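Please brief me on this model.

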Number of protein chains: 4
Amino acid sequence: MTLDHEVPFLDWMGATLVEWGPEHALLSLAITPQHLNRSGVVHGGIYAVLADAAGGLAGCYSHHPAAHRKSYTLSLTTSFLGSSAQGRLNARGSLRRRGRRVYFATVEITGDTGELLAVGEGSFLYRTPGGAAHADSLPGAP
Amino acid sequence: MTLDHEVPFLDWMGATLVEWGPEHALLSLAITPQHLNRSGVVHGGIYAVLADAAGGLAGCYSHHPAAHRKSYTLSLTTSFLGSSAQGRLNARGSLRRRGRRVYFATVEITGDTGELLAVGEGSFLYRTPGGAAHADSLPGAP
Amino acid sequence: MTLDHEVPFLDWMGATLVEWGPEHALLSLAITPQHLNRSGVVHGGIYAVLADAAGGLAGCYSHHPAAHRKSYTLSLTTSFLGSSAQGRLNARGSLRRRGRRVYFATVEITGDTGELLAVGEGSFLYRTPGGAAHADSLPGAP
Amino acid sequence: MTLDHEVPFLDWMGATLVEWGPEHALLSLAITPQHLNRSGVVHGGIYAVLADAAGGLAGCYSHHPAAHRKSYTLSLTTSFLGSSAQGRLNARGSLRRRGRRVYFATVEITGDTGELLAVGEGSFLYRTPGGAAHADSLPGAP
């Protein structure tokens with residue numbers, strides 16, 4: 001799970017990749033004071049970050065570590081069901097369907113008690129090798 | 001614009017509140033290396049954080065600083081149109097419509113050249129004073 | 001399941017309410033030629049209609065038929081995973097979380113073979129009795 | 001504007017294509033009783049249908065009528081800001097950004113008085129000629 005060190009923002013935020021497989025990814029984050037909003041609970045944006053990352057990674061795994069794919073997030077919807085101020089957040093991304101160029105993933109984010117705190121639904125576009133400058137360049141999740 | 005210091009996560013990420021009024025909020029972020037993803041551009045989650053915060057704040061301003069409101073994000077959709085690796089991101093949230101309990105906001109995120117990089121659409125629920133523990137408790141944006 | 005006759009648009013489109021309970025609703029639609037788009041498959045809007053209706057109804061059931069609740073849809077995201085041109089569409093809406101005023105539902109839409117064709121995620125606001133004209137008036141799903 | 005007759009579902013619902021150009025599409029619908037929900041206002045699904053269609057068409061225009069493109073909707077988020085029970089609905093879809101394979105569109109739906117009733121944000125994938133059966137087959141909007 002050395003991927004963490006390739007994703008500066010996740011690393012900086014404190015999120016770690018706990019599991020990664022052909023159709024899923026699990027990220028975990030220990031809540032610290034800098035993750036909070038002005039109401040004293042985890043900032044809504046944190047859930048969106050985790051949903052973006054876990055959903056994106058769910059479609060990028062390869063059995064050959066050097067062959068992990070990269071993708072751009074096209075659209076991400078985050079629904080905020082609950083709140084948390086301490087403990088860990090666990091974000092499990094699952095592949096819903098994979099096409100040749102596009103894939104969809106769903107993400108469930110739970111707290112320590114297993115309560116569902118947020119849900120993400122995303123669509124993603126695979127980057128083609130060396131394709132960084134093509135007309136479909138879009139910001140990437142993972 | 002001392003709000004920044006009340007939102008630990010935005011503060012920590014480096015985002016500052018540049019403008020705030022009855023129907024809008026403008027956040028700005030100077031891109032630094034820790035904001036990037038493994039493709040070397042700004043992590044998609046950053047756009048979602050900015051959209052969540054700018055959209056949420058667009059509905060919370062009061063002419064009396066002590067009376068700024070608080071809200072929970074219900075749902076946020078972020079569309080990722082472009083990418084950036086340097087300079088600033090500017091996120092302008094605008095109120096679309098305000099009800100008694102619920103409001104909607106749209107957010108446009110641009111880079112230094114003014115190019116539209118991401119768009120957010122969100123729905124938000126006002127917190128009632130002292131209402132932190134009621135059944136509608138949901139994680140908040142701003 | 002006489003609800004159908006209270007929802008003119010669903011009735012007109014040919015959708016029927018097959019199951020309805022405290023935390024779910026199942027709608028079914030037999031695909032006919034007028035449901036198609038110019039590519040000859042079911043129009044994407046049909047999936048959104050079914051998601052809106054099944055998700056909304058999932059939060060409105062009462063054991064007392066005269067006490068079924070009504071709600072407004074706040075936000076609905078539909079993800080389109082597959083396509084179909086014949087047979088039936090089944091839309092199962094499930095309550096994700098219910099607050100005092102707001103609830104969330106997820107909807108899975110499958111075809112005859114059980115393949116997942118579309119997914120909906122929605123947030124909804126309960127109408128208060130006699131509240132049709134209040135400032136939160138928003139268009140309703142079910 | 002003979003496109004109407006190529007889209008059975010829009011035709012059946014009563015929607016007409018009023019304008020169509022390289023980066024926009026305008027649909028109009030005269031509200032009739034069969035468009036209503038059990039609260040007596042336009043069913044939320046109608047707004048989603050119009051958003052899906054107007055957004056999709058905004059990226060498909062060609063100066064050569066025989067060369068209009070086709071696309072699949074990937075994701076569509078509809079925000080419901082208001083309600084209406086009579087008159088017309090006008091749905092203006094505008095292209096936000098076009099890539100080689102993917103495009104984004106936003107849609108504003110207004111009533112007779114010009115009030116904004118709903119907003120749509122969608123991502124779309126171009127169909128390749130003769131590509132109906134490829135692995136990216138997804139249901140199409142326009």
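**A strand residue in chain D**

D:V18 is partly exposed, because 13 other C-beta atoms lie within 10 Å of its own, and a buried residue would need 20 or more. The model is predicted.

*D:V18 and its surroundings*

- D:V18 sits in strand β1 of chain D, which covers residues 15-21.
- Leaving out residues up to four places away in sequence, D:V18 touches D:L26, D:L27 and D:S28.
- D:S28 lies 10 residues from D:V18 in sequence. In space, their C-alpha atoms are 6.6 Å apart.

*Helix α2 of chain A*

- Helix α2 of chain A runs over residues 44-57 and has 14 residues.
- At 1.5 Å a residue, this helix should span 20 Å.
- α2(A) is mostly covered, with 14 of its 14 residues buried.

*Chain A with chain B*

- This contact draws 44 residues from chain A and 43 residues from chain B.
- On the side of chain B that touches chain A, at least two residues each come from α1 (8-13), α2 (44-57) and β3 (71-80) of chain B.
- β3(B) gives the most to that side, supplying 9 residues.
- By type, the chain B side holds 23 nonpolar, 16 polar and 4 charged residues.
- Strand β3 of chain A (residues 71-80) is joined to β3(B) by 5 bridges. The two strands run antiparallel.
- A:S75 stands opposite B:S79, which is in β3(B).

*Chain A with chain C*

- Here chain A contributes 11 residues, and chain C contributes 11 residues.
- On the side of chain C that touches chain A, the elements giving two or more residues are β3 (71-80), β4 (88-98) and β6 (116-126) of chain C.
- β6(C) gives the most to that side, with 4 residues.
- The residues on the chain C side divide into 4 nonpolar, 4 polar and 3 charged.

Notes: Residues are numbered from 1 along each chain as its sequence is written. Chains are lettered from A and ligands numbered from 1 in the order in which they are written. This is a predicted model: local features need pLDDT of at least 70, side-chain atom pairs count only at pLDDT 80 or more; totals for chains, interfaces and linings use all residues. The expected span of a helix is 1.5 Å times one less than its number of residues. A residue is buried if 20 or more other C-beta atoms lie within 10 Å of its own, exposed if 12 or fewer, and partly exposed in between; C-beta atoms are placed from the backbone. Two residues are in contact if their C-beta atoms, placed from the backbone, lie within 7 Å. Ala, Val, Leu, Ile, Met, Phe, Trp, Tyr, Cys and Pro count as nonpolar, Asp, Glu, Lys and Arg as charged, and the others, Gly among them, as polar. Two strands pair if DSSP finds at least two bridges between them.
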